[in-house]
Amino acid sequence: MTENRNYPDVSDILARKAEGRREAAKRSFGEKIAWVEQMRERLAPLKRAREERLAARRDLPED
Amino acid sequence: MGMKKTLDVINAMEAEGVIGRYAIAGAIAAYNYIEPTVTEDLDILISFETHPDRPRAGLITLSPILSYLKTKGYTEYRKEGLLIEGWPVQFLPVADDLDSEALEKAQEVEIRIDESQGSVRTRVLRPEHLVALSLRVGRPKDSIRIIQFLEAGIANVQHLCDVLDRHHLSDAWRAFCRRAGVADPCQLQSPR
């Protein structure tokens, strides 16, 4: 079904992502903790929204 | 708030004898070696000082820890963790020989988080023990962590295989390697 399709070569994108992961791994312990603390703050609204969605689903009356 | 203050509180608990030796375990410990992933809590592996008049076996209670932290104003829980300076902390008492060895061999580190928080001294589990503990827990995220360690070549293969052998995890390790499609470094090193 897909034999005639041309897909772009994404190997350079994947290679850059892999390099980014290696660079992240090389950071110091403290830098990684600081990064995670920032990420936790940024992700907090998404987490809250997810918890609210789950709570709303729990509160739905069963059929 | 921040990890530095959280660790300051835990260091004070150790200094005051509320807990015995401690070390950072879990995802945060893995940050010392591999690419970080976002985590919700801080796992702290702890030992309790053994008192001669207290039985050695049986249920361990975290009451002294919780009472101490309550006096310091830390009473809020987030999921299973007690919130200390913004981080939910899970205190995990040493529960078997693998835990005990991991804690004994934990390495001292000084973490400098950022300019505002400054530095703090702490201990973190070694990579070979983190791999063994991840194998024992066995959740999907633990499997990913093991693969990250293997790909990064962080764990000392000889030490890792010795730890797995010593704690009867070799069968589980071989099964993991088969399932994950990775070459068993222990098998490659010394065919058994």
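Chain A of this predicted model exposes about 5,600 Å², with carbon and sulfur atoms supplying 52% of that area; accessible areas come from the Shrake-Rupley method with a 1.4 Å probe, and for residues only the protein chains shown count as cover. Of the 63 residues of chain A, 17% count as buried (under 20% relative accessible area; exposed is over 50% and partly exposed in between, with a 1.4 Å probe and protein chains only). The secondary structure of chain A comes to 2 helices and 0 strands, where helices (H or I, at least four residues) and strands (E, at least two) are DSSP runs numbered from the N terminus. Its C-alpha trace spans about 50 × 50 × 15 Å along the principal axes. The radius of gyration of chain A is 20 Å, whereas a compact globule of 63 residues would have one near 11 Å (taken over C-alpha atoms; the globule rule is 2.2 Å times the number of residues to the power 0.38).

Residues are numbered from 1 along each chain as its sequence is written, and chains are lettered from A and ligands numbered from 1 in the order in which they are written. Local features need pLDDT of at least 70, side-chain atom pairs count only at pLDDT 80 or more, and totals for chains, interfaces and linings use all residues, while side-chain values use heavy atoms, leaving out hydrogens and water.

Turning to chain B, helix α4 (residues 97-105) holds several buried residues, namely B:L98, B:D99, B:E101, B:A102 and B:L103. Their cover includes β1 (22-25), β2 (42-46), β5 (87-93), α5 (127-137) and α7 (157-166) of chain B. B:D96 and B:Q148 are 52 residues apart in sequence and 25 Å apart in space, C-alpha to C-alpha. B:Q148 itself belongs to helix α6 (residues 140-152), and, leaving aside neighbours within four places in sequence, B:Q148 is in contact with B:I34 and B:E35 (heavy atoms within 4.5 Å).

Two loops of chain B are also worth a look. B:E85, in the loop between β4 (81-84) and β5, has a positive phi of about 50 degrees although it is not a glycine. B:H168, in the loop between α7 and α8, likewise has a positive phi, near 60 degrees, in a residue other than glycine.
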